[in-house]
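Student: Please take a close look at the salt bridges in this structure, and then follow the chain from there to the other local features worth a visit.

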Amino acid sequence: MKKWYKRIAISSLLFLMLSAVSVFFAVEYRVDEMFGGQTVAATHLQGKEFQSDYLLKNAQVLNPAGDSFLVGQDVHIRDGLIIRIGENLPAFDPKGQSIPVVNANGHFLIPGYTDSHVHLWRSKNDLLLYLANGVTQVREMHGVQRHLNWKKEIDSGALLGPDLYVVASQLATFGFWEGLWIGWTSERNIVHTPEQASERVQQLAKQGYDAVKASSFVSREIYLAIGQPAKEAGLELLGHIPMEANLDDLFNAQQSEVAHIEEFVKALDRDFGGYTSANGEAFISYVRKYGPELAERVKAKGIAVASTLAIINSFTQQKLDIHSALNEHPIEYMNPGLLESAEMGWLPDVNRYRVDEQYRKDDWRERVEKYWGRYAEAQNILLQEFVSKGVPILAGTDANVPVMVPGFSLHREFQAMVNAGMTAPQVLTSATQAPADWMQWPVGKVHSGYRANLVLLRENPLENIEASRTIESVIIRGNLLDRKTLDQLLNSVKKANDSSRAVDIREYL
Ligand SMILES: [Zn+2]
């Protein structure tokens, strides 16, 4: 009799354990899928042998101030660095060995772009999209161990990709069970007390992250306490202005960058009392009134601001006419895992920003237009204030959220910045020198001794920012990728996506 009970008990226990294990793996698989981890790897990810000692002949070189081009310049590139720049440089080294010559044909040589706000999630394929679009540095804003590993592989030359600045995934405060779930499925750094947060920050520094990020959901207490330990551990604090915090808190939090201009719109809106589609005009007046003072305080504190304008500008269109939004963007390059996912989705039925059926009543279109139109207007007003006060602006896209295709979206962002009132040279600086200064990296200028992360353009980007897309070649740590190679990278990603797709997207192409 006893044996019989024992057997039942053991088999129940086994059954429970098995169920727990299968639930665990089912969730892991789902999460991996929704973050694009199931997409086939593109074939061009392996680092190859590229030319690494050569003379780039006859380029127009962007001057260090970033406001004009010097004509007829030769640039000697060796071992990933810019060695010399000048007119008529000899095509042989001091030992008399000849150096291979690459003709730049009078094209425009500028520093490679930095996208200061991206989410790489789980597919390395994005790395190729960045390179093909001239983006030689990206700042990953939800960094986990996976991205630190990629960074190592890229640094060693085993993996082809832009240089990575890895910000540890958001610090956030949630209740115990919710925190466990969110920590697991979205890999955030869940912290409950300032002491715990301080310890976590020290761990993150040891693991090799470059910065820590405040989320909208970190408690005010932790937010105000975390800046100092982060600084002591050698990490920058950046990110959102938490929902529990106000603008005074931002200036006391030792935060060195705000992740989106949008964060200021949200903070001003909290002070305003929450505008609606009915009183948007009053909110805009409020933003105009307090914007100048806000910009002065941001400047005085030395806080940089990432732009992410294009994503916000796209909200109204995505909510009202997702088909036209998808048509405008090259979504064939977008990871189908993310494109199709119910949680992160882009496509009409799953779009993250869609207006749910229950809210599509009466004049909903008009209300969407009024509310989100004002929201975008407010961020554009603030951008102008920040620019006029000399706040460092960092071009960023939030790529991988709809409809920001990695790499391509940075050029969209440039256009949005010009539309909001910045000049083309200012925009170029926001993607080159400004982020380089902020990271203290030897990139962002065409200068001897600097890393050879460069872009050669057919047209002059100082005259028209749209020229940022006229890419003839990209140089990453000295490796020259010509137009043909860049097209191969793009094709290999497109092919990988096509073979991983569950939903036909031809109607959007
Ligand atoms: Zn983001």
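Tutor: R412 and E328 form a salt bridge in which the closest N and O atoms are 3.6 Å apart. R412 belongs to helix 15 and E328 to helix 12 (residues 322-328), so this pair ties together parts that are 84 residues apart in sequence. R412 has 29% relative accessibility and counts as partly exposed. E328 is also partly exposed, at 41%. The model is a predicted one, and the count of salt bridges in it comes to 27.

Two further pairs sit at higher residue numbers. D498 and R501 meet through their side chains in a salt bridge of 3.0 Å, N to O. Here D498 is partly exposed, with a relative accessible area of 39%, whereas R501 counts as buried at 18%, because the cut-off for buried is under 20%. The other pair is R506 with D504, where the closest N and O atoms are 2.6 Å apart. R506 is exposed at 63% relative accessibility, and D504 is partly exposed at 45%.

Y508 lies in the segment after helix 18 (483-498). This tyrosine counts as buried, at 6% relative accessibility. The C-alpha atoms of Y508 and H329 are separated by 8.6 Å, although the two residues are 179 apart along the chain. A contrasting case is D74 in strand 2 (residues 69-78). D74 is buried as well, with a relative accessible area of 3%, but its C-alpha atom is separated by 23 Å from that of A436, 362 residues away along the chain.

Salt bridges also occur as a network, which links D32, R122, R146 and E187. E187 has a backbone feature of its own: its phi is near 50°, a positive value in a residue other than glycine. Most residues other than glycine have a negative phi, and most peptide bonds are trans. E187 lies in the loop between helix 4 and strand 10 (189-190), and counts as partly exposed at 23% relative accessibility. N105 likewise has a positive phi, near 55°. Its place is the loop between strand 4 (101-103) and strand 5 (108-111), and at 51% relative accessibility N105 counts as exposed, because exposed means over 50%. On the peptide-bond side, the bond from P402 to V403 is cis, with omega near 0°.

Next comes the nonpolar surface. V21, F24, F25, W181 and W184 make a nonpolar surface patch of about 510 Å². Helix 1 (2-34) and helix 4 (176-185) are the elements that give two or more residues to this patch, and helix 1 gives the most, with three. F25 lies in helix 1 and is exposed, with a relative accessible area of 53%. F24 is partly exposed, at 37%.

The ring centres of F24 and F25 are 5.3 Å apart and the ring planes lie at 85°, so the pair is edge-to-face. Elsewhere, one aromatic cluster is formed by F272, Y275, F283, Y286, Y290, F315, Y353, Y371, W372 and Y375.

The zinc ion is coordinated by H117 (NE2), H119 (NE2) and D398 (OD), at 2.1 to 2.2 Å. Along the chain these donors follow the spacing H-x1-H-x278-D. H117 counts as buried, at 0% relative accessibility, and H119 is buried too, at 8%. An unreviewed UniProt entry annotates residues 108-480 as "domain: Amidohydrolase-related". That span is 46% helix and 15% strand, and its end C-alpha atoms lie 15 Å apart.

Key:
Residues are numbered from 1 along each chain as its sequence is written. This is a predicted model: local features need pLDDT of at least 70, side-chain atom pairs count only at pLDDT 80 or more; totals for chains, interfaces and linings use all residues. Side-chain values use heavy atoms; hydrogens and water are left out. Donors are N, O and S atoms within 2.8 Å of the metal (3.2 Å for Na, K and Ca); water is not among the atoms, so sites may look incomplete. Buried means under 20% relative accessible area, exposed over 50%, partly exposed in between (1.4 Å probe, protein chains only). Patches are made of residues with over 30% relative accessible area and no salt bridge: like charges are joined within 9 Å, nonpolar side chains (Val, Leu, Ile, Met, Phe, Trp, Tyr) within 5 Å. Accessible areas come from the Shrake-Rupley method with a 1.4 Å probe; for residues, only the protein chains shown count as cover. A salt bridge is a side-chain nitrogen of Lys or Arg within 4 Å of a carboxyl oxygen of Asp or Glu. Helices (H or I, at least four residues) and strands (E, at least two) are DSSP runs, numbered from the N terminus. UniProt positions are given in the numbering used here, feature names are shortened, and annotations may be inferred rather than shown by experiment. Rings of Phe, Tyr and Trp (its six-membered ring) pair if their centres lie within 6.5 Å; planes under 30 degrees apart count as stacked, over 60 as edge-to-face and the rest as tilted.
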